[in-house]
Amino acid sequence: MTTTIYDQLFSLPLFQGMNHDDVDIIIETTKIGFGKHEAGTIVIHEGDKCDNLIFLINGTLAVETNANDHSYTVTEHLKAPSLIQPDRLFGLHQRYTHTYKAIENTNFMTLDKAEVMTLMEQYIIFRLNFMNLLSSICQKNSNQPWRAVPTTLRGKLIRFFEQHCIRPAGEKDIRILMNTLAEIVNDSRLDVSRELRAMESEGLINLTRGNIHIQSLERLLM
């Protein structure tokens with residue numbers, strides 16, 4: 001069991017760089033929770049309070065994000081090993097902003113906020129890893145408004161897809177009405193429909209009623 005815990009901790013970014021002696025002490029003194037969810041179950045609902053760190057250590061989750069007015073929804077995949085919204089553990093809004101559903105049987109490790117605070121106080125590597133993780137999230141978000149605005153309709157559509165995804169790669173599903181998408185990119189419904197059909201003919205996306213499926217977002221960003 002200890003070997004398994006070692007492997008799990010060293011695979012997670014917050015524990016990378018620690019030596020085995022430190023990890024030995026953490027395993028012996030820290031209250032680490034373990035759990036599992038079967039395929040098809042909801043792991044976290046949007047709006048749930050974030051009072052612990054949740055590490056996905058095995059399996060894949062579907063991550064669903066809704067627009068504030070619920071006019072469109074983006075669904076993407078999160079694979080293990082991953083840390084779920086660490087930026088929500090502190091600050092003004094300590095609630096999850098996505099819904100997480102198990103696609104397959106999944107396993108999790110959890111640390112409540114008190115244990116996280118203790119680890120940050122006792123281990124500078126853990127503290128630096130956490131700070132670097134939060135800094136990366138902040139820097140990514142702060143750079144977004146300063147990027148050049150796309151001038152073509154295709155560029156605007158791709159920018160919309162990219163900005164509304166957690167990770168700019170992988171498989172995505174966007175449930176949105178054509179009229180809504182046309183309003184967002186400030187173009188006509190007809191032109192948006194034509195451009196999406198052109199992208200579909202090039203094998204970049206697949207269209208069904210009310211849904212845009214992107215097999216590989218990185219292909220659109222090339």
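In this predicted model, helix α5 (residues 153–163) packs against helix α6 (residues 178–185) at an angle of about 105 degrees, and their axes lie 10 Å apart. That angle makes α5 roughly perpendicular to α6, a word used for angles of 65 to 115 degrees. The axes are lines fitted to C-alpha atoms over the stretch in contact, with angles running from 0 to 180 degrees between N-to-C directions, while helices are DSSP runs (H or I) of at least four residues and strands are runs (E) of at least two, numbered from the N terminus.

The residues that make this contact, meaning heavy atoms within 4.5 Å, are listed here.

| α5 | Leu153, Lys156, Leu157, Phe160 |
| α6 | Leu181, Ile184, Val185 |

In α7, Val192, Ser193, Glu195, Leu196 and Met199 are buried, that is, under 20% relative accessible area with a 1.4 Å probe and protein chains only, whereas exposed means over 50%. The buried residues of α7 pack against α5, α6, β10 (206–208), β11 (211–214) and α8 (217–221).

Residues are numbered from 1 along each chain as its sequence is written, and side-chain values use heavy atoms, without hydrogens and water. Local features need pLDDT of at least 70 and side-chain atom pairs count only at pLDDT 80 or more, whereas totals for chains, interfaces and linings use all residues.

Conventions: Angles under 35 degrees count as roughly parallel, over 145 as roughly antiparallel, 65 to 115 as roughly perpendicular and the rest as oblique.
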